[in-house]
Amino acid sequence: MQQKYEIQNLQKKVSRIKVSEASDTLMKNLKISAMREKVLNKWQSLKAKGLNDKEICEILEVSRASLYRWQKDSIPKSRAPKRKRKPQWNLTQEDEVYRLRLENPLFGKEKIHALMMNKTSVSTVGRILQKLVKLKKVSPVHMLTGYKKPKKRRFFDNSWAQRLPKGMQSDKQGVLVQIDHMTCRVGDKTIKHFNAWDRKTKINVADVYSRATSGCAAKFLDEVIKEYPFKIESVQVDGGSEFMKEFEQACQEKNIKLFVLPPRSPKLNGGVERINQTWKIEFYNFRDDLPENILQLSDFVKDYQHFYNFDRPHKALDFLTPFGYFFTISSNPFESHML
């Protein structure tokens with residue numbers, strides 16, 4: 001009787017989740033439909049002024065096929081597959097996973113799979129646990145241990161920041177400038193060191209702050225723009241909170257594209273991660289005269305930044321300095337304000 005009652009509760013919760021998801025999808029479709037109606041109105045207005053479809057498409061940045069398709073129906077059609085994947089387990093297996101997890105709240109899918117005597121696969125046990133967590137039947141392990149807090153998922157709908165497209169590379173200076181921060185110890189004080197690294201020229205801009213907030217990151221962006229000898233077209237960052245809110249707003253105001261790396265992909269940020277290591281080894285670990293005061297430390301940081309950009313040879317640049325390489329590839333060499 002108890003099992004039947006629990007199954008009924010599960011079904012009710014699933015139905016509520018489906019209604020909520022349907023509501024979100026409806027709102028999203030309404031926004032897209034309103035945007036398409038607005039574009040169609042502009043299309044008709046420009047057409048009345050005598051412009052042809054080719055000229056209109058260039059102005060609106062929309063293909064001719066899309067305009068005629070939206071004219072027939074501006075409401076987006078569902079892209080969901082007709083045959084959706086169904087759970088590959090039965091209620092008996094789900095009940096057993098649920099029972100074992102209640103008896104062993106800290107066990108993961110591998111241990112529960114072993115207790116089930118291999119009646120199903122490890123991945124299937126994991127999917128059942130995900131379902132039970134989503135329905136709040138069981139608690140995630142981190143909520144019981146307190147060791148790890150799950151990161152909030154970052155959404156990119158209608159925001160300036162966008163997920164870094166797969167395979168996107170920087171082909172010239174100022175494209176996909178990598179920005180990151182690291183935590184360092186100077187004496188008894190903890191400081192936040194920000195680095196910007198250009199993939200093409202290897203030019204580095206650095207500074208230190210007492211905290212790693214989005215406001216500090218926005219200030220650092222101003223400094224990066226000021227000190228780089230070329231225009232910054234786009235930057236790439238990891239998913240840290242310091243690169244949200246004020247930093248994202250600053251990028252939008254300055255018309256700098258902001259690309260966010262997918263989770264667990266440090267290799268895509270390898271350049272700035274490597275220069276973080278260079279700063280730790282050659283600067284923070286090597287110097288014993290660094291002041292704890294942020295303003296005084298910033299002067300020391302700028303001195304080493306100048307050495308890195310103008311005096312330190314780089315093997316990747318055929319042993320030229322970053323600015324020496326920049327002057328060789330620049331069509332209009334000039335004396336930088338960083339000299």
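Modeller: Buried means under 20% relative accessible area, exposed over 50% and partly exposed in between, with a 1.4 Å probe and protein chains only. This is a predicted model, in which local features need pLDDT of at least 70 and side-chain atom pairs count only at pLDDT 80 or more, while totals for chains, interfaces and linings use all residues. Residues are numbered from 1 along each chain as its sequence is written, and side-chain values use heavy atoms, with hydrogens and water left out.

Colleague: How many of the 339 residues of the protein chain, as a percentage, count as buried?

Modeller: The protein chain has 12 helices and six strands, which are DSSP runs numbered from the N terminus (H or I with at least four residues for helices, E with at least two for strands). Of the 339 residues of this chain, the share that counts as buried is 40%.

Colleague: Which residues of helix α9 are buried?

Modeller: Helix α9 covers residues 246–253. Just after α9, Asn-255 takes a positive phi of about 55°, but the buried residues belong to the helix itself, and they are Phe-247, Glu-248, Ala-250 and Cys-251.

Colleague: Within what arc do the buried residues of α9 fall, seen down the axis?

Modeller: The elements that cover these buried residues by contact (heavy atoms within 4.5 Å) include β1 (161–163), β2 (177–186), α8 (214–227), β5 (234–237) and β6 (257–260). The arc is taken over the directions from the helix axis to the C-beta atoms. The buried residues of α9 line one face of the helix, because they fall within an arc of 160°.

Colleague: Are α8 and α9 roughly parallel or roughly antiparallel to each other?

Modeller: Axes are lines fitted to C-alpha atoms, for helices over the stretch in contact, and angles run from 0 to 180 degrees between N-to-C directions; those under 35 degrees count as roughly parallel, over 145 as roughly antiparallel, 65 to 115 as roughly perpendicular and the rest as oblique. The axes of α8 and α9 come within 7 Å and cross at roughly 30°. The contact joins Ser-214, Gly-215, Ala-217, Ala-218 and Leu-221 of α8 to Glu-246, Phe-247, Ala-250 and Cys-251 of α9. The two helices are therefore roughly parallel.

Colleague: At roughly what angle do the axes of helix α4 and helix α6 cross?

Modeller: Helix α4 spans residues 91–103 and helix α6 spans residues 122–134, and their axes come within 10 Å. The contact is made by Gln-93, Glu-94, Val-97, Tyr-98 and Arg-101 of α4 and Val-125, Ile-128, Leu-129, Lys-131 and Leu-132 of α6. The two helices are therefore roughly perpendicular, and the crossing angle is roughly 70°.

Colleague: Which residues does Glu-96 touch, not counting residues up to four places away in sequence?

Modeller: Glu-96 has its place in helix α4, and it counts as buried because its relative accessibility is 14%. Beyond those sequence neighbours, Glu-96 touches Met-116 and Lys-119.

Colleague: How far apart in space are Thr-124 and Trp-89, C-alpha to C-alpha?

Modeller: Thr-124 is found in helix α6, and it is buried because its relative accessible area is 7%. Leaving aside neighbours within four places in sequence, Thr-124 is in contact with Gln-88 and Trp-89. Although Thr-124 and Trp-89 are 35 residues apart in sequence, their distance in space is 7.4 Å.
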